[in-house]
Amino acid sequence: MTGSGLAAMLLRRLLLGLLTLLLVSLVVFAATQLLPGDVATAILGRTATPARIAALRAALHLNHAPLAQYGLWILGLLHGDLGNSLVTGKPILSDIAGRLYNSSLLVIITAVISLPIAVIAGLAAAVRHDRATDIALSTVALALSALPEFVIGIALIIVSSLAAPHVLPMVSLVQPGHSPLQTPRVLVLPLLTLTLVVFPYVFRMMRGSMIDVLESDYIEMARLKGVSPHRLLIVHALPSALPPTIQAIALTLAYLAGGIVVVEYVFGYAGIGEGIVSAVGTRDLPEIQDFTLILAAVYVCLNIIADVCTVLLTPKLRTRRA
Amino acid sequence: MTILHVFFRRQGWLGTIALLLVVLVLAVVILGPFLAPQSPTDSVDDVFALPAPGEWLGSDVLGRDVLSRVLSGGWRFLTMAAIATILGVGVGSLLGVTAALRGGVLDEMIMRLADVALAFPQLILALLFMSFAGSSLSLVVLVIAVVHMPQVARTLRAAALKVVDEDYVRYSRSIGLPQWRILLLDILPNVRTTLLVESGLRLTFSIALIASLNYLSFGAQPPSADWGLMIHENQIGIESNPWPVIAPVVLIALLSIGINILSDRLSRGAKPRLAASEPDDAA
Amino acid sequence: MTMSDVNSTVQAHAGIVVEDLQVVTAQGAAPIVRGISFAVTPGSILGLVGESGSGKTTAGLALLAHARPGLKIAAGRVSIGGVSMLNLSARELRTMRGREITYVPQDPATALHPGLRLRTQLAECLRNPADATDERLHRLLEDVGLPDPARILSAFPHELSGGQQQRIAIAMAFAPQPQAILMDEPTTALDVTTQTRVLHLVRAMAQQHRTAIVYVSHDLAVVAALADQVAVMYAGEIVEAGTAAQVLERRLHPYTGALLRAVPDPDQALVLKGLSGHAPDPAHRPPGCAFAARCDLAEDACRLAPPADLVAEPGHVVRCRRMGQTAISRPQAMAQPILSQPQAAPLLTLSGLGAWHGRQVLHDIAIDIAGGRCTAVVGESGSGKTTLARCIAGLHAHWTGDIRLNGAPLRPSAGQRSREQLRRIQYVFQNPYASLNPRQTIGQSLLVAGRHLRGSKAISRSEILAALASVGLPHRAADAFPGQLSGGQRQRAAIARGLICQPDLLVCDEITSALDVSIQATIVELLLRLQQQRGLSMLFVAHNIGLVRSIAQDIIVLQAGRIVESGPTQVVLSAPKAKETARLMQDAPRFAAGLQVAPARHIAPMVV
């Protein structure tokens with residue numbers, strides 16, 4: 001494919017991503033319309049003073065028609081005006097920056113640690129297909145993939161508190177305005193949890209696609225051509241097995257956008273996920289809307305990156321004439 | 001030969017262990033409420049008392065008997081998970097298979113809708129709905145079912161598309177068999193394995209999602225006994241009496257692992273049977 | 001004397017020598033192939049022939065000391081240029097593979113790496129990849145008649161046609177100038193014209209480079225045209241071996257004889273005789289001769305002890321106890337090719353038929369199809385013959401024009417036609433492995449079709465059993481699932497499903513092309529019988545000219561979606577008027593003459 005072909009593909013995916021975000025924002029907005037009765041009353045409760053309700057109605061543009069409410073919200077977002085929190089009254093933007101930083105830190109370190117481990121374990125299992133290494137790794141991955149994230153997190157807390165009490169904190173509190181990197185101990189258990197959560201997906205995809213490739217006719221052909229095992233693995237097999245894995249990695253990172261919600265909550269780690277949970281708990285409408293939309297945006301971006309990587313790594317797709 | 005024996009021969013030791021795990025946890029869930037020695041909601045002891053005779057798992061954050069709460073705290077969320085799964089898989093697979101069979105605009109519509117739903121972390125979707133519509137239990141079930149539908153529809157559509165393109169469906173069309181009979185006779189029986197595997201997978205997800213929602217205290221409400229909620233309530237007391245956290249965590253883990261291994265075995269068992277339909281003329 | 005002595009005059013070191021090779025399943029130790037011995041001298045070609053499951057590919061891959069997953073080479077000796085292959089270290093084996101012995105796969109579309117450019121893949125095949133200069137690689141491609149080598153070298157496999165891919169695979173095999181090459185049915189996926197070109201190429205290159213070649217194939221005509229030596233395999237053993245002339249002319253083993261009675265001939269209408277039953281499963285082979293159960297000549301002794309190799313003449317070895325005691329019957333020409341007078345009114349009338357698959361694939365088809373006769377539709381792949389059959393059956397709705405059944409017009413798609421019309425035209429598909437619902441028993445499949453098309457009239461079990469019996473299936477087939485039947489049996493069941501609807505016209509779409517030649521002949525016998533007994537009309541879509549000659553009274557030749565010739569089969573094929581008919585006849589593989597070898601430097605370049 002020529003450069004312009006690739007650009008066209010990228011543009012198409014971006015437009016599709018934008019369309020998805022638009023639809024997501026509509027869903028998020030429509031969900032708020034599901035609230036029975038008057039939204040402001042529902043949020044503040046029946047005992048709220050009329051003045052507070054009026055203030056809330058203004059903040060939520062509730063005095064406008066639904067379509068106008070939606071338009072005002074989106075317009076605000078585009079101008080960087082995320083509105084104010086209903087609970088603290090502070091601008092959401094200031095709150096979100098710190099949370100976004102904390103969450104990204106968690107996800108990036110998780111990726112750096114767990115992805116190489118999972119990829120290498122997947123390769124090892126594929127090469128030793130159906131032997132002890134493979135069976136052991138696959139069974140572990142199968143078991144891990146079944147567990148809810150919070151069960152893994154709590155299990156790690158229990159194990160660490162029983163095995164080595166007071167070495168690792170059971171809650172990962174981060175002071176506002178500080179980086180978690182200043183107290184690395186608080187990151188250990190959340191990172192370990194997320195690593196275990198991510199491992200099975202990437203492992204299984206790497207293993208599965210590598211096994212498919214190793215059993216393919218063209219690898220048999222390469223073996224019969226006398227290609228050295230080293231070259232067979234690096235030049236012939238790996239490049240074909242990577243695209244599905246890269247897609248799985250991107251999807252896993254995207255999935256983490258949802259997975260961190262529970263994990264952050266388990267450890268009380270002040271990230272965007274924990275933010276959503278507490279916002280839902282306090283019915284902080286603007287926060288919920290903004291946080292979900294941001295997570296969805298991250299999700300959509302990672303999916304686009306996955307698709308682009310897949311196309312770049314697959315000659316058949318790359319050279320297809322538009 | 002016992003049923004277990006036959007099962008062992010077909011599914012191996014891993015499958016058999018998984019089956020035993022599931023049966024064990026289900027026994028606790030179903031028989032538990034009748035075996036509970038004390039009321040699951042009454043305070044009977046100090047807060048976070050350690051295990052002792054008569055209170056085999058000690059007491060929890062409000063001094064209630066942990067064993068009784070564990071025994072009583074499984075059936076509600078499991079029933080919810082089961083109903084959500086049946087609902088989600090039922091409607092989702094119907095949508096997917098219909099999309100595959102009918103094609104055209106209907107197919108396009110169902111699949112684009114699924115795309116949008118999938119462009120969204122599932123737990124957050126569930127949270128979003130519940131944050132606005134409140135946390136009634138039937139709503140949780142409905143939300144989880146809806147959350148499953150897009151992926152189930154997609155999987156079943158892919159499986160059905162393969163079948164729709166087979167010559168035996170083409171033959172049924174060539175003799176003018178009505179769509180609903182093709183669906184019933186040709187399509188459904190041939191996506192049966194996919195459907196079963198998908199159901200197992202979805203049940204694992206339902207359990208995880210509902211347990212997570214209960215843990216985040218958006219599902220079951222105090223003072224009811226529920227495993228997820230118990231973990232949430234007693235997390236602060238781990239260093240005093242870890243059992244109110246350990247027991248439900250272990251039960252949820254065993255159940256999830258068991259179901260997941262079983263559905264994995266099921267999907268593997270399906271492969272040789274498919275292989276048997278390939279050319280085997282002279283063998 | 002054993003098979004290995006066949007070429008006793010050969011120096012021990014040159015070419016390929018295989019002795020007493022045995023390959024078994026990894027767990028059960030059931031022998032897949034056993035007692036295989038042969039030798040191939042430099043510059044000559046051995047055709048290793050057998051039907052599916054005979055073990056020919058397994059035996060062939062053992063030349064490279066390779067066994068597919070689940071199998072292992074248990075015993076024997078394989079020598080390539082004097083080097084014993086079976087006891088080499090992994091490193092030594094790698095230096096033999098790809099240098100002294102190379103491999104041409106069955107389907108280059110899956111065997112060429114999809115993600116590497118052909119330059120990389122071709123360079124890897126040279127003895128020293130560092131020698132891969134442009135000039136060298138270009139010469140390799142020119143040798144196999146591929147034009148524009150620069151473009152091809154920078155291409156990925158999917159950018160080439162099937163014929164081009166196969167030529168690349170052959171170029172790769174000859175690139176290191178090996179002593180031996182294994183070719184595993186390399187022309188199966190190609191149309192006849194390309195196949196003929198590739199065979200010429202193989203022949204010329206073998207002689208030019210003095211390479212010993214083992215050519216594995218199920219196609220006797222291909223082997224007859226190509227090979228110097230032929231070894232016929234059955235149930236994992238070589239049952240007859242010798243020069244091509246010895247084996248194919250004298251055909252001393254009953255199995256060879258039976259196979260050759262099943263192979264059609266493009267030059268004359270033969271009475272095709274099938275082989276009933278199927279070869280024994282490797283785990284359940286009988287103590288005696290593996291072929292005894294299907295052999296007309298078998299006597300009790302055959303079933304008790306395995307037969308020994310008997311030498312019929314120098315270089316011609318037959319593994320049959322009864323060799324020479326009875327004559328093996330030869331194929332017979334049809335005494336009087338059935339030429340019943342066409343009925344006054346045609347069954348099916350097509351006029352101005354055009355059909356679209358995105359682009360137009362059929363143009364202005366106008367033809368009458370007579371009742372009570374079998375009309376063949378032939379043409380190369382892409383000529384529109386299957387589309388034509390599907391338009392008639394209502395399976396392809398994008399057509400315009402007129403199709404009339406006994407004068408009444410047919411709507412485009414099956415859904416719009418009346419049940420009576422649907423009942424009268426029944427369709428049998430090419431692939432019997434996909435045309436029956438795997439979750440329904442054969443009886444249920446028949447019942448659904450029969451009940452639906454014959455209205456409310458109930459269909460009794462005895463009627464189903466009768467339908468199965470009429471296609472030669474036993475009663476218990478009614479309760480069997482398709483997975484429990486062989487391919488030939490499934491195709492019979494699919495025909496029975498058509499018959500139970502009591503049709504006037506049976507549309508057969510390449511219905512024997514997925515089957516072995518001995519099974520194909522049984523289906524042909526069946527169709528001829530049904531036609532005689534029931535006066536059934538048939539539309540027989542096929543690419544195999546010889547087959548058509550043995551079954552069809554009338555023929556329609558299609559080229560690029562147009563009818564170029566039609567008429568009585570024997571007349572059309574004996575004196576083709578259209579260029580396309582003549583070309584199809586000329587390219588059809590046949591036993592008569594070997595290939596004429598083109599001078600090596602003048603291999604016809606391939607049109608891109």
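Buried area here is the accessible area, taken with a 1.4 Å probe, that two parts lose on being put together, summed over both. By that definition, chain B and chain C bury about 2,500 Å² between them, and carbon and sulfur atoms give 52% of this area. The model is predicted, so local features need pLDDT of at least 70 and side-chain atom pairs count only at pLDDT 80 or more, while totals for chains, interfaces and linings use all residues. Residues are numbered from 1 along each chain as its sequence is written, chains are lettered from A and ligands numbered from 1 in the order in which they are written, and side-chain values use heavy atoms, with hydrogens and water left out.

The interface of chain B and chain C involves 27 residues from chain B and 38 residues from chain C, where contact means heavy atoms within 4.5 Å. Zero salt bridges are found across this interface; a salt bridge is a side-chain nitrogen of Lys or Arg within 4 Å of a carboxyl oxygen of Asp or Glu. Nine residue pairs, both residues at pLDDT 80 or more, are in polar contact between chain B and chain C. A polar contact is a pair of N or O atoms within 3.5 Å; within protein, one must be able to donate a hydrogen and the other to accept it, and residues adjacent in sequence count only if both atoms are side-chain atoms.

Helices are DSSP runs (H or I, at least four residues), numbered from the N terminus. Helix 7 of chain B gives the most, with six residues. The residues of the chain B side divide into 11 nonpolar, five polar and 11 charged. In this grouping Ala, Val, Leu, Ile, Met, Phe, Trp, Tyr, Cys and Pro count as nonpolar, Asp, Glu, Lys and Arg as charged, and the others, Gly among them, as polar.

Next comes the interface of chain A and chain B. The contact takes 46 residues from chain A and 37 residues from chain B. About 3,800 Å² is buried between chain A and chain B, 81% of it on carbon and sulfur atoms. The rule finds zero salt bridges here and three residue pairs in polar contact, both at pLDDT 80 or more. Several helices of chain A give two or more residues to the side that touches chain B, among them helix 1 (3-33), helix 10 (229-267) and helix 12 (285-313). The largest share of that side, nine residues, comes from helix 7 of chain A. By class, the chain A side has 34 nonpolar, nine polar and three charged residues.

Within chain C, an automatic or database domain assignment gives domain 1 (3-100 + 178-260 + 274-327), domain 2 (115-175) and domain 3 (346-590). Domain 1 of chain C contributes 15 residues to its contact with domain 3 of chain C, which contributes 12 residues. The centres of these two domains, taken over C-alpha atoms, are 36 Å apart. The area buried between domain 1 and domain 3 of chain C is about 1,200 Å², with 54% from carbon and sulfur atoms. C:E51, C:V192 and C:G274 supply 35% of the area that domain 1 of chain C buries against domain 3 of chain C, more than any other three residues. Across this domain interface there are zero salt bridges.
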